Amino acid sequence: SGPIRYRIVISDVIDPAARARLAREAELIDVDGQDVAALTAALRDADALIVRSETQVTREVLAAGPSLRVVARAGTGVDNIDVQGATEAGILVLNAPGANAVSAGEHTIALLLALTRQIPDANAAVHAGRWERKRFKPFDLQGKTIGIVGLGRVGSVVAQRLRAFETRLIGYDPYIARERFQQLGVEPVPYERLLAEADVVTFHVPATSETINMLDADAIARMKPGAIVLNCARGEVVDQEALAEALRTGRVAAAGVDVFPDEPAYTSPLFGLPNVILTPHIGGSSREALAAVGEMISTTTLAALRGEAVPNA
Ligand code: MLT
C-alpha cells in the first residue's frame, strides 16, 4: 500500500512548489472560491481546504465538508474564515503569520514613494508625449512625520525601512510594549496625536471591532490638512466614502490603497480620483512571500493531516 492520499481542495492560487509538495501526499482539487456551489461540492469528501483572502469560509462552507480537518490560509489574516465555527466543528485553522510581512511593508513604501514622487501621473504624461517638468511638485520624505498605526510584523518592517529616509516616526499600537517601540525608533503616541501630527498615516492592523472604520470622517477631520493616507492592511479599516470625499476636497492630499472592504473590488468611491493609487491586494504577493507562505502552509497542512504537532496551530 502506498502513502495515504489525502484530498485537499485549493480555492485560490498558491505557489507551485507548495502544490508539488502537497501533491506528493494528496490529491489536489482546484475550485474557484467565488463559486460557492462548486466549492461546497468539492468539499464533500475533502480532508483539507487551502485558501487565500478571496474565499469566504463561512459556517455553511465548513458544514459542506464532513471530513474536513484543516482549513489553511495561505497568508496571515484569517478574517475570511469563521474561526469560531471551525473550532466548534473540530477543524484546525492554520495560517502563515509573517511570511509576507516584508512584502506588505515594501509595497506600502512603494505606494508612498510613488505618491510623493507623483510617479503614475509623470509616467503617463511622458508616455503621452507631454514633457511637463513644471507641473509636477514631488517632495522628500526626509524630515516628515510618519504615523504608523499597528506595529506588528508589517508595521515593524515599514518602520525599519523608513528610518533610512531620516523621517520622524510616531506610532500607535495598544498591544505593543514600549520597549518594542524604542527598538524600532518609533515614538508611541495616542491615536489622536498621531492623526494631528503625521504627514503620512499608514495602517498595519487586522480588521477587528476596534479597527473597523478607524479612519472615518471624524478621524480625517483630526488629521493634519494635506496629509497622505496609506492602507495595505484591510479595506474595512478605512471608511472609503469619507476618504474619497477628503481626497476630493484636498483635506487628504493623496492616498495609496491596496485593500478594499469587498474583494474582488470592481467598484469603489475611490475609483477615478486623480490623487489615489490603487492596487488589487498584491501587498503580500511578492514572489518571495508566495514561496514562503506556500512552504509554511503546505508543510503545516500535511503535518496536521498526518496527526503531527503543528507549530503555529
Ligand atoms: C494576508 O493576510 O496575508 C494578506 O492579506 C495577503 C494575502 O493574502 O495575500
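The model is predicted, and its local features need pLDDT of at least 70, side-chain atom pairs count only at pLDDT 80 or more, and totals for chains, interfaces and linings use all residues. Residues are numbered from 1 along each chain as its sequence is written. Helices (H or I, at least four residues) and strands (E, at least two) are DSSP runs, numbered from the N terminus.

**Ligand shell**

- Arg52, Ser53, Gly75, Thr76, Gly77, Asn100, Gly284 and Ser285 surround the ligand, where a residue is near a molecule if its C-beta atom, placed from the backbone, lies within 6 Å of it.
- By class, this shell holds no nonpolar, 7 polar and 1 charged residues, with Ala, Val, Leu, Ile, Met, Phe, Trp, Tyr, Cys and Pro counted as nonpolar, Asp, Glu, Lys and Arg as charged, and the others, Gly among them, as polar.

**Helix pair α1 and α12**

- Two packed helices are described by the angle between their axes and the distance between the axes.
- The axes of α1 and helix α12 (residues 287-306) come within 8 Å and cross at roughly 15 degrees; axes here are lines fitted to C-alpha atoms, for helices over the stretch in contact, and angles run from 0 to 180 degrees between N-to-C directions.
- The helices α1 and α12 are therefore roughly parallel to each other, since angles under 35 degrees count as roughly parallel, over 145 as roughly antiparallel, 65 to 115 as roughly perpendicular and the rest as oblique.
- The crossing of α1 and α12 is right-handed, a crossing being left-handed if the near helix is turned anticlockwise from the far one by less than a right angle, and right-handed if clockwise.
- On the α1 side, Ala17, Ala18, Arg21 and Leu22 meet Ala291, Gly294, Glu295, Ile297, Ser298, Thr301 and Leu302 of α12, two residues being in contact if their C-beta atoms, placed from the backbone, lie within 7 Å.
- The contact of α1 with α12 is made up of 6 nonpolar, 3 polar and 2 charged residues.

**Helix pair α5 and α7**

- Helix α5 (residues 101-116) packs against helix α7 (residues 153-163) at an angle of about 50 degrees, with their axes 8 Å apart, and the two are therefore oblique to each other.
- The crossing in which α5 passes α7 is right-handed.
- Ala101, Val102, Ala104, Gly105, Thr108 and Ile109 in α5 meet Arg153, Val154, Val157, Val158 and Arg161 in α7, and this contact divides into 7 nonpolar, 2 polar and 2 charged residues.
- In α7, the buried residues are Val154, Gly155, Ser156, Val157, Val158, Ala159 and Leu162, where a residue is buried if 20 or more other C-beta atoms lie within 10 Å of its own, exposed if 12 or fewer, and partly exposed in between, with C-beta atoms placed from the backbone.
- These buried residues of α7 pack against α5, β6 (145-149), β7 (168-172), α8 (178-184) and β9 (200-203).

**Two buried residues**

- Leucine 169 is found in strand β7 and counts as buried, with 21 C-beta neighbours inside 10 Å.
- Not counting residues up to four places away in sequence, leucine 169 touches Ile146, Ile148, Ala159, Leu162, Arg163, Gly185, Val186 and Glu187; the C-alpha atoms of leucine 169 and valine 186 are separated by 4.9 Å, although the two residues are 17 residues apart along the chain.
- Isoleucine 220 is found in helix α10 (residues 217-221) and counts as buried, with 22 C-beta neighbours inside 10 Å.
- Leaving aside its neighbours within four places in sequence, isoleucine 220 is in contact with Leu215, Ala242, Ala246, Arg251 and Val252.

**Loops and backbone features**

- Glutamate 25 lies in the loop between α1 (16-23) and β2 (26-30) and is partly exposed, with 17 other C-beta atoms within 10 Å.
- A cis peptide bond, with omega about -5 degrees, joins glutamate 263 and proline 264, and proline 264 lies in the loop between β11 (252-257) and β12 (276-278).
- Glutamine 118, in the loop between α5 and α6 (119-127), has phi near 50 degrees, a positive value in a residue other than glycine, and is partly exposed, with 17 other C-beta atoms within 10 Å.
- Histidine 281, in the loop between β12 and α12, likewise has a positive phi, near 50 degrees, but is buried, with 21 other C-beta atoms within 10 Å.
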